[in-house]
Amino acid sequence: MRVASSIFVSEKYSGAHLPWYTIYPTIQEFSSEVGAHAYEQWLRSLETDDAVSLYLHIPFCRSMCWYCGFPTSITRLDTLIINYLAMLREEIRMVAEQTPQAIPVSDVHFGGGSPTIMPPAGFLSLMELLRGCFAFEKAASIAIEVDPRTFTTDMAEALEKAGVNRASVGVQSFDPIVQKAINRVQSEAQVMTAVQNLRLHGVGRINFDLMFGLPYQTVQSCRQSALLAIAMRPDRLAVFGYSHVPSYRKNQRLIDRLALPDIAARAEQASVMADTLVAAGYLQIGLDHFALPDDELALAQRTGRLRRNSLGYSAETRQTVIGFGASAISRCGEGYVQNELTQSSYNRPIASGHLATSRGYRLTIEDRVRAAIIEQLMCYLEADVPAICTARGFDPIHLGNSAEQLDILVEDGIVDVDNGVVRVRQACRFALRAVAAAFDAYLGRPSL
């Protein structure tokens, strides 16, 4: 086996544009042939002894972050948000009518956008409806994303009243030069105030989102951002690499491309942030998460319960995820569905009494096998391919198209393969998506 130099390997794999594999197959395979009718059937077939996860998408922000890759609307008025929440409540009622009575809920996630810009009364009304339509488990996890620039004491009080127990705080970078370059200026004091306000109101589990690869970001500023985050002692952190796709996201055209770090610099930034967090006692989870040893994510990894799905890495998320809101993705037993992408196209069917499902995908046995292999790799950096196939009655010979790509990964020193067990080398964690891609039957093989 030829082991490539670290620089060669980093440049070869870090620059590849590959899926994040939060779901498989990816949404590029979704089709309008699977729509609202299929979704209704899948909802009606849910078992009442299997808990589900709920996701609610709130696609509004007060200002546009130029790095953002998610569909959001910028509004200074609450009217648009209130109208959207009315549609969201209608969708919740319609979905609840299709599910068996008292379907149990293990966890709820509010994402965005910036969910905490909802009027506190609107948020409480939404939570009351959810609790009325579904049977929340006593220890249900309720999580919400927080923008510290707009987070108020009134909203913190509403979170406490609603039983929210986890919050993900958007930080990205503490460097004011970087903040200005991405149009997200927020002080260390603002973040600290938000964290203190959350903890004061019973939200004891805190996540931070950090990024590398941003304009004008340096290795030193990445280290400093990690150290400032550590000082606030969040339970877990997600450290994402910025993906610059201005052809897809118009707001990213406002970022100076020449100010972006090159591949080698990005790799060094990611490495120093990981090293800083690990040195502070955080455990590295999967591709890009870090957690304190007593956090649920770390416990889930140790006990084999770690999941990766449309909500990212999770210890609580169930096999069935019911999504509400524009662009939300749901996963039921038979496959995936996604709602209309824009708010206007989402509102129209809901207002006329129909689900807003626009497209989806019905899983095959092979899809399930490949998804299981990819999830194991993304969570644990290894997968026993023959065991996964045997457990599902699937002949591994049908995965033969993965062999050529695996051979390249072995040759480059990224993975070791022993009797069908694929193990990603710890030093090559950055190439994890490329390893997962070897099992993607739909991906046009990139020129690595």
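Student: With which residue does aspartate 78 form a salt bridge?

Tutor: In this predicted model, aspartate 78 forms a salt bridge with arginine 62, and their closest N and O atoms are 2.8 Å apart. Aspartate 78 belongs to helix α3 and arginine 62 to the loop between β2 (60-61) and β3 (73-74), so the pair ties together parts that are 16 residues apart in sequence.

Student: Is aspartate 295 buried or exposed?

Tutor: Aspartate 295 is buried, and arginine 236 is buried as well. These two residues form a salt bridge, with the closest N and O atoms 2.9 Å apart. The pair links distant parts of the chain, 59 residues apart: aspartate 295 lies in the loop between β10 (289-291) and α10 (296-303), arginine 236 in strand β8. Both also belong to a network of salt bridges that links Arg166, Arg205, Arg236, Asp295 and Glu296.

Student: Which residues of helix α2 are buried?

Tutor: The buried residues of α2 (residues 36-44) are Ala38, Tyr39, Trp42 and Leu43. They cover an arc of only 135° around the axis, which puts them on the same side of α2. What covers them includes α3 and the strands β13, β14, β15 and β16.

How values were computed. Residues numbered from 1 in each chain as written. Predicted model: local features only at pLDDT ≥ 70, side-chain atom pairs only at ≥ 80, totals over all residues. Heavy atoms only, no water. Buried < 20%, exposed > 50% of the residue type's maximum accessible area, 1.4 Å probe, protein only. Helix = DSSP H or I, 4+ residues; strand = E, 2+ residues; numbered from the N terminus. Arc of directions from axis to C-beta. Contact = heavy atoms within 4.5 Å. Salt bridge = Lys/Arg side-chain N within 4 Å of Asp/Glu carboxyl O.
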